[in-house]
Amino acid sequence: MTERPRWLHACILLLLAAYALAPVYLVILASFRSEGDLFAAPLSLPFPPDLSHYHKVWIEGGFGRFFLNSLFMSAGSTAIVILLAPAAGFAFAKLEFRGREALFGFFLVGLVVPAPSVIVALYGNLQLVGLIDTQIGVVVPQAALLLPFAIFMMRTVMQDVPNELLEAGKIDGVNAFQAFVRIALPVVRPGLGSLALIVFLFSWQEYLLPLVVIQTETLKPLTVAAATLQGRYGVDYAGIAAAGIIAFTPLVVLFLVMQRTFVRGLTAGAVK
Amino acid sequence: MKQGRAGEHRRLCLIQLKVAKRGDPMHQRSFAPYLFILPAFVLYALFVGLPVAQVFAYSLFAWDSGTIKGFAGLANYVRLFNDRVFWVALGHNAIWVVLTLTFPVAVGLFLAAILADSGPNIRRIASAVYFIPRTIPLVVAGIIWGWIYNPLFGLLNWILRSVGLGRFAGGWLADPDSALLSLNVVGAWTFFGFCVVIYLSAIQSIDPALQESAQVDGASWWQRFTRITTPMLNRTTLFLGLYASIEAMRFFDLVWVTTGGGPGYATEILTTQIYKSFFLVGDFGYASALSVVLLVIVLTIGTSAFLWLRER
């Protein structure tokens, strides 16, 4: 390795790290800044740190409520996907049946279907069954929209279950359902963790679906609430910053703590 | 060879099983596999498949604030064809595809190649740092960057002024000439780390002997990057290109919370136009025609890339 690329590479790595982190750093600072020096110097450290914005947003702004809403809805979509996708992935990877390719193709199409393109019809359908302005009306379609990705990923993961194990099970007289629960699921447990994390992340980030489906203020998730806050307190930048931090901190922490699980999940859907 | 033998072994096992266990429940396999798929199928068909079909049907009718006024044939499509805003929006999506394919994907490849040569700790920390923006909801990213771009007291103009480059300070999102490009910087911000992570894991599965022998032959880092690493990652590049193009056609949040498609129509895209025709105007027919166009585009991109990937 020659000397020249070494420092050049280090510079490039650092430059893009600054690109990635500077906006985050800026918001964190802004959220602790008292109104007095808000416009002074955006990058100076706020001293003393002012915690009142968090208090204000969490209590008066209702973000405690929105946080629970996001948590409930993301957990709901994740639970549905985790209940349905592994079984389908197992069938597509390990069982033989007529129409397997066609059915899998039907799910594959859903990988590219944009939520905005079905919202026109989805809205009317949800209204018809009384799910407009309910959290279930967000949770269920969200899970359905994430199913193609989840099934695709689960099929990839299930393909790694050794056939020898399944055959040994067959010899012991285990049926397909028992083979799935007792043999396949324990083997792919790390993959299930990855799937749950990614689905949770995507659900938490979702904006359009709750924006369209939910009207009642107290049912809204963080994404919708944060966007509304921007319009309402147009000038309260410290408050908006605190709200933004409340909206993304759980995801950043979850990602940093479980980076390995996360990356495994992303690449399982991608690299093959 | 090894695989062939394993397959042969499996087939033998299956034959033995068939002979030995004719009444085995796993081999009354007429419907068991369908039961595995059924719940997912029902949910997906009801909340994705059905609405897709409905949108195709809706687009053939004339609507007035949520109710059908009559069959319209292709009138919605004729109108769409003559709608200047539609073509402007489509053009912005196309620009977004090109920009996303060039900047974040190329940077992702380059960073991943650098990180592959670095120590494991740097690799882990750096890829985490680059990925952090992807974990931030696009709505929040839009709010943060809308603020950085604020013409009066935004960070960007403040930095430019404080280093004496005040003449480059601009309106950014408020200026029709720079709005789309400024937004794309935000899109790239949330996406390049994803590219790094995907490329990095693909690079790590390349046989290291290739790199080593090239190094022994005196190839420079740049030569190895352009002649070995990049060609070996063709499939990954294709995957990321596919993913980036589809995302570029269907993104919504970022534009909606920052510019709402404006100023004027400077950042209008297909999804914002759908949202406006649907929610603000109440014209379900036109919104559906736009949705159909969007669906046809993403399905075409998806299918062609899928077929291409399978061929290779």
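Phe31(B), Leu35(B), Leu38(B), Val42(B), Leu46(B) and Leu50(B) make up a nonpolar surface patch whose accessible area totals about 560 Å². The structure is a predicted model, and the predictor assigns the complex an ipTM of 0.88 and a pTM of 0.88.

Patch on chain B

- One of the patch residues, Val42(B), belongs to helix H2 of chain B.
- Val42(B) has a relative accessible area of 40%, so this residue counts as partly exposed, a class that runs between the cut-offs of 20% and 50%.

Helix H4 of chain A

- Helix H4 of chain A spans residues 100–109, and its buried residues are Leu103(A), Phe104(A), Phe107(A) and Leu108(A).
- An α-helix has 3.6 residues a turn, so residues three or four places apart point the same way.
- Glu101(A) and Ala102(A) are exposed on the other side of H4(A).
- The cover over the buried residues of H4(A) includes helices H3 (63–94) and H6 (136–159) of chain A, along with H2 and H14 (284–311) of chain B.

Confidence in chain B

- The mean pLDDT of chain B is 83, and 90% of its residues score at least 70.
- Within chain B, helix H2 (residues 32–58) has the highest confidence, at a mean of 92, while helix H1 (residues 2–20) has the lowest, at 47.
- Residues 1–6 of chain B stay under 50 in pLDDT and have zero contacts beyond four places in sequence.
- Residues 12–28 of chain B also stay under 50, and for them the model has 17 such contacts.

Conventions: Residues are numbered from 1 along each chain as its sequence is written. Chains are lettered from A and ligands numbered from 1 in the order in which they are written. This is a predicted model: local features need pLDDT of at least 70, side-chain atom pairs count only at pLDDT 80 or more; totals for chains, interfaces and linings use all residues. Side-chain values use heavy atoms; hydrogens and water are left out. pLDDT is the predictor's confidence in each residue, from 0 to 100. Helices (H or I, at least four residues) and strands (E, at least two) are DSSP runs, numbered from the N terminus. Contact means heavy atoms within 4.5 Å. Patches are made of residues with over 30% relative accessible area and no salt bridge: like charges are joined within 9 Å, nonpolar side chains (Val, Leu, Ile, Met, Phe, Trp, Tyr) within 5 Å. Accessible areas come from the Shrake-Rupley method with a 1.4 Å probe; for residues, only the protein chains shown count as cover. A salt bridge is a side-chain nitrogen of Lys or Arg within 4 Å of a carboxyl oxygen of Asp or Glu. Buried means under 20% relative accessible area, exposed over 50%, partly exposed in between (1.4 Å probe, protein chains only).
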